[in-house]
There are 2 protein chains.
Amino acid sequence: MKQPHSIEYLQQLVIDRLKEKAGKIGQTRPVNLYQPIEYTLNMGGKRLRPVMLLMACDLFGGKVPQALNAAIAVEIFHNFTLLHDDIMDHADIRRNQPAVHKKYNENVAILSGDAMSIMAYQFLLKTESPAIQKVTQLFSKTAMEVCEGQQYDMDFENQTSVNIDDYLEMIRLKTAVLIAGSFKMGAQLALATDADADRIYRFGINLGLAFQLQDDLLDVFAEQEKFGKKTGGDILANKKTFLLLKALELAKPEQKERLNHWLTKKDFDPLEKIAAVKQIYTDLNLKKISQQKSDDYYLAALNELQAIELESDRKKPLILLAKTIMKREH
Amino acid sequence: MKQPHSIEYLQQLVIDRLKEKAGKIGQTRPVNLYQPIEYTLNMGGKRLRPVMLLMACDLFGGKVPQALNAAIAVEIFHNFTLLHDDIMDHADIRRNQPAVHKKYNENVAILSGDAMSIMAYQFLLKTESPAIQKVTQLFSKTAMEVCEGQQYDMDFENQTSVNIDDYLEMIRLKTAVLIAGSFKMGAQLALATDADADRIYRFGINLGLAFQLQDDLLDVFAEQEKFGKKTGGDILANKKTFLLLKALELAKPEQKERLNHWLTKKDFDPLEKIAAVKQIYTDLNLKKISQQKSDDYYLAALNELQAIELESDRKKPLILLAKTIMKREH
């Protein structure tokens, strides 16, 4: 078997194909439908999910060019969910640019999103593969689960008590299944065995959970320069992350009272609230507890990869990707 | 070849399957995602598009039970478009019940709609057929065109001049392609030749256009009891239908001025406006012109059906369906 492709090579393939396909989409009529799609696809991003699909395909000896349309499909679908989520979450900025519902309007954002979801299927269905029906079924199941995750996320905002298992199930659906699904689609296109396809799926689920827990942690504890965005956003929004839920679980009466004080306070100095809540998290040793939970998932992910019976050289890019996502240097 | 199934038989099949599948969907978690889907699918309706798919499948000797999931897919997709259109059009009532965005809220309507669009694919992809990839591609192309039609429809509201060809293209996309696509999907599942599949597609396009023109006409000229809903709605909303566009084209200066007066008037008595505009349409002979245009498409539809080389007995249910849709007694 030949050497696997590098992450950078596959990323460039995705970027080039996206540029080729999405570059002129905005000229299609009706322009009010297609321009926002071009705008969205040109916002950038690391294109991780399509790269994951191609890497899994490559791992199992599949033909990467044959999987490229499926990879683009996953990226278009992911961007569709961001577009509609931004409407629902009233998030006006996406990657430092106005969100579609702000740049255009809400109707445009709804309909262009709908069109992107269909367009994702159109790219996927260009794929020539004996596994196409199975792959499209997996894609659909995954897409449905992402909707379920978004619904749970919105439900949690109005729910007074959310337990940690509920939270983990929510991030599994909202974040991890699309990562896992992308890997598994690539494996299926490479005609991997069902057992191997399931292993790389579980690799993706565990990696996705590890990543999300790490991301929640960084939102509170990161050095701002390294993290790339302002820390404390989740604390200000009372977002029910692993940290907050675990804090509510572990807090002694006095700490719980202090936490609830900040959760219910209407007028506050943002920096003061961040510092106060962060202090409670620190007192409860949550940085370590949370990091440990993330590490557990990360190791579980690597174990799944380990179990795939292929020479370890072929797995190197995937291990590197996992490290990069987790911002690990070791 | 055996006798074709009746419309009623196929309609009952669709209703039963929908009841079986959609009846308990609202119990799936998260309920805020799935309950609105059950609510939408239980609103009723004539289930015309799935019946059309099954009729085309039956016409070409395909197995009807094998096409049932595809039929359900088309119905779910159609109901998804109504759900999202109602948000965009600020339409608060659907089939005498509160629209989803009113009964629940707008976020629920956006996300449940997204889920329905994916669910449509899930049903379609259950289909076992050598034509499944082709059918799913056609379904996607059709779905995309329906989005384009909705965008044109919204664009027209803000456009000062819309010509009749633009209008016909809009209703082709918004209404006719899903009818035509349903027929063609049924034909493809029955493994009809491409030529025959294209004929039944054109049958559907022409029937869809004839139907929409007729519907526009009835909105103005129907006897209220027979039409089943209030007449004059399009006139009150200044909707750019074939009638209004043709009137603007044919009107003499004095009539044009009178028409523009009513189009721009802010305060008016509804019945007075309806009567005045209707009078202009009558003076311009638009009832006949519009009926003629609809008849032309209707006959073109029947000619396409005629061209399919099958014994005429097999085509009888389709001819009956066309007549029923057009509310014709002869």
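Begin at B:R202, which is partly exposed at 37% relative accessibility. Keep in mind that this is a predicted model.

**Stop 1: the partner of B:R202**

B:E304 and B:R202 form a salt bridge, with the closest N and O atoms 3.1 Å apart. Now show the helices. B:E304 sits in helix α15 (residues 286–307) of chain B and B:R202 in helix α9 (residues 194–221) of chain B, so the pair ties together parts that are 102 residues apart in sequence. B:E304 is buried, with a relative accessible area of 18%.

**Stop 2: a pair within one helix**

Select B:E249 and B:K246. Their side chains meet in a salt bridge of 3.3 Å, N to O. Both residues lie in helix α12 (residues 242–250) of chain B, 3 residues apart, or about one turn of the helix. B:K246 is buried, at 18% relative accessible area.

**Stop 3: B:D86 and B:R94**

Move to B:D86. A salt bridge joins B:D86 to B:R94, and the closest N and O atoms are 2.8 Å apart. B:D86 is buried, with a relative accessible area of 5%. B:R94 is partly exposed, at 23%.

**Stop 4: a network in chain A**

Select A:D153, A:K174 and A:K239, which are linked in a network of salt bridges. Over all chains, the whole structure holds 28 salt bridges.

**Stop 5: where the chains meet**

Show both chains. How many salt bridges cross the interface of chain B and chain A? The rule finds 0 there. Polar contacts do occur: 14 residue pairs between chain B and chain A, both residues at pLDDT 80 or more.

About 3,700 Å² is buried between the chains, and carbon and sulfur atoms give 64% of it. Pick out B:I118, B:L125 and B:M144. They supply 17% of the area that chain B buries against chain A, more than any other three residues.

**Stop 6: A:Q151**

Zoom in on A:Q151, in helix α7 (residues 132–157) of chain A. A:Q151 is buried, with a relative accessible area of 2%. Across in chain B, A:Q151 touches B:P30, B:N32, B:L33 and B:L111.

Zoom out. The same surface serves both copies, as 100% of the contact residues of chain B recur in chain A.

Methods:
Residues numbered from 1 in each chain as written. Chains lettered and ligands numbered in written order. Predicted model: local features only at pLDDT ≥ 70, side-chain atom pairs only at ≥ 80, totals over all residues. Heavy atoms only, no water. Buried area = accessible area lost by both parts, 1.4 Å probe. Salt bridge = Lys/Arg side-chain N within 4 Å of Asp/Glu carboxyl O. Polar contact = N/O pair within 3.5 Å; in protein donor to acceptor, adjacent residues only side chain to side chain. Contact = heavy atoms within 4.5 Å. Helix = DSSP H or I, 4+ residues; strand = E, 2+ residues; numbered from the N terminus. Buried < 20%, exposed > 50% of the residue type's maximum accessible area, 1.4 Å probe, protein only. Lists of a residue's contacts leave out its neighbours within four places in sequence.
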